[in-house]
Number of protein chains: 2
Amino acid sequence: MTLTLISIGLTSHKDLSLRAIEAANQADTVYAETYTMKLDTTPQQLGETIGRSVHPLTRGPMEEDAENLLREAETGDVAILVGGDALTATTHISLVIDAAKRGIPVKVVHGSSIITAVAETGLSLYKFGRTVTVPLPEKGPVTTVIRTLRDNLEQGLHTLILLDLDEPERRYLTINQAITRLEKTGEFNMDTLLVAAARLGSENQVIRADTAENLKAQDFGDAPHAIVAPGRLHFMEEEALKALAGCPPELLTGRKVQGEVDRLIEKYSVGCRRVLRELKTNPPPKTINKAQVDELLDHINRYLDDAEYYRGENDPVALTSVAYAEGVLDALKLLGLVEFEW
Amino acid sequence: MTLTLISIGLTSHKDLSLRAIEAANQADTVYAETYTMKLDTTPQQLGETIGRSVHPLTRGPMEEDAENLLREAETGDVAILVGGDALTATTHISLVIDAAKRGIPVKVVHGSSIITAVAETGLSLYKFGRTVTVPLPEKGPVTTVIRTLRDNLEQGLHTLILLDLDEPERRYLTINQAITRLEKTGEFNMDTLLVAAARLGSENQVIRADTAENLKAQDFGDAPHAIVAPGRLHFMEEEALKALAGCPPELLTGRKVQGEVDRLIEKYSVGCRRVLRELKTNPPPKTINKAQVDELLDHINRYLDDAEYYRGENDPVALTSVAYAEGVLDALKLLGLVEFEW
């Protein structure tokens, strides 16, 4: 009894490793799950390559087959061929956990994946942040994509943007459609530098860096497509984008990737400095009455309410609200209007 | 004339794909670069697997061989076998850029990599942040590791921590040594949940989740070793860590991963609320003299200086300084002590 997940790799049966073929030949039964990604192969071709028959999992989402597969793996050796590297898909991790819980020994044979093949864009794999998927229109909005881009840029990190698909229906989101979806939110700057990557790892892959606006107008051919949004670029990455992805050099000149925290610091700092230069001190001494103090205390409360409303979202703006409130409190204290201890 | 980088994959010649073997057989000359990572194979074994002779690049760092390889690729078809997925190493990207600049067509055949194999820990690949390497002691400090961990946790992201090696000298940093290096900084909490991963992708891989303190005491055997520092965990990831990595359940109970921004918001917010409850208003009306106003303006200047000193480092503490300064300024304005416009 064993469950073996065997990675097919990036594009077709040609990406199977010798270890993968050996593992498939040791199993009692071999299945192929070809619904998670678009592959340039079929269960028949996989079978011919391995040298034995491969049964397609025809029910679509593997979840529906999971119970049957696990039951079979309790008495025999079951192998499942899956596209890319096997555990990239959540559905496969879920199957592995269920098997482990039932005491079924699990083995994984690894293969090539878009997650690392994306280094062909010239961007360093070590500098990627969270990966995100643009869903098909009927499956939901792109708010998570916008937010992930923002969060990764906050740290200067690159974002791999995968594009959703409905394999049984042969529907694949294209680079053009994905960019259009982002544009329609009104929260995505079409001057953003993106890298379009079509059919990575195949003989006819295309990689092109340009603005979102320019890429939207191009036809990248057959699926699968993916997009990368570069973060802060090292000099060598800039060289690579030009040499490997045809990036127009002017898009890299003076390009600035700034996190929200740094943007706010710069904005407030410039504002405060200007105010300090321009402010006029009213003729002292000046008498303050109770109403003025109470009004400031109300003011503080409103800022704290704001900050607390956004707490847990790691929102730099909420942080400025609460630090601002602290500044007002300290001013009251230092002027001798109120007394407290931090 | 072509330069083809062929990925060997995660551990040995058995991880070569059919595409890799085919590409190697199409080349005029095949080299093997086995200095970037620890592989369980030799150029001889690679040659036997492919069915032709494979020349080891013996000069160590590939950089030194680069010029010769490029010159050879200008007139013939050169293939280089490299461990893992080919473009994971910066040195290989650099070779590819140089080839592209000289007009030499470049091809990359992808293979399995620790970057995706690490999903065997049960952690979602989509939620990893920047990858970092713990250097061998003589190669530098671990400050970048500490900082990367902090930045990734800020976003709730997992961190893949690779361990440095000196392949010609057969020296490989172990999990124990790496944790000890982190401990010695005094900036790393030894109660941190980590996942130790030894020999991922091989027949005798070991994956174990525990505190840094407990993992430090264990022997994980032969290299290569790697470590993952989990960020915020989804319920399914917690299940996976228990089922696949033997994570003690009590380490997951009440575990809280909070970014610095949220931590500061909570801290200041709690502080301000307490102060608002406890503060006493001094008997108004109260007369303010010029010295008091000047002192507050100095106070503001010091906070702005602080903020600007740390600008560009995306430091939330610097953001609080500048927002605090704004609060003090507004207090002065709202009390009628100074006049300015934002």
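## Starting at the interface

Select B:E308 and A:R273 to begin: they form a salt bridge, with the closest N and O atoms 3.0 Å apart. Bear in mind that this is a predicted model. Chain B and chain A have twelve salt bridges between them, along with 48 residue pairs in polar contact. Now color helix α12 (residues 316–334) of chain B, which gives the most to the side touching chain A, with 16 residues.

Next, show the whole interface. Here 120 residues of chain B are in contact with 121 residues of chain A. About 10,900 Å² is buried between the two chains, and carbon and sulfur atoms give 63% of that. On the chain B side, pick out B:R19, B:Y126 and B:L335: they lose the most area to chain A, together 8% of what that side buries.

Go to B:L241. Among the residues it touches are B:T121, B:L193, B:A209 and B:L252. In the largest nonpolar core, which has 88 residues, B:L241 is one of those touching the most other members, as are A:L241, A:I80 and B:L3. A second, separate core has 56 residues, including A:L304, B:L264 and B:L329.

## Last stop: a helix

Select residues 143–154 of chain B, helix α6. Its end C-alpha atoms are 17 Å apart, which agrees with the 16 Å its twelve residues should span at 1.5 Å a residue. Its buried residues include B:I146, B:L149 and B:N152, and what covers the buried residues includes β7 (159–163) and α10 (260–278) of chain B. Just after the helix, click B:G156, which takes a positive phi of about 75°.

Methods. Residues are numbered from 1 along each chain as its sequence is written. Chains are lettered from A and ligands numbered from 1 in the order in which they are written. This is a predicted model: local features need pLDDT of at least 70, side-chain atom pairs count only at pLDDT 80 or more; totals for chains, interfaces and linings use all residues. Side-chain values use heavy atoms; hydrogens and water are left out. A nonpolar core is a set of buried Ala, Val, Leu, Ile, Met, Phe, Trp, Tyr and Cys residues joined through side-chain atoms within 4.5 Å. Buried means under 20% relative accessible area, exposed over 50%, partly exposed in between (1.4 Å probe, protein chains only). Contact means heavy atoms within 4.5 Å. Helices (H or I, at least four residues) and strands (E, at least two) are DSSP runs, numbered from the N terminus. The expected span of a helix is 1.5 Å times one less than its number of residues. Buried area is the accessible area (1.4 Å probe) that two parts lose on being put together, summed over both. A salt bridge is a side-chain nitrogen of Lys or Arg within 4 Å of a carboxyl oxygen of Asp or Glu. A polar contact is a pair of N or O atoms within 3.5 Å; within protein, one must be able to donate a hydrogen and the other to accept it, and residues adjacent in sequence count only if both atoms are side-chain atoms. Lists of a residue's contacts leave out its neighbours within four places in sequence.
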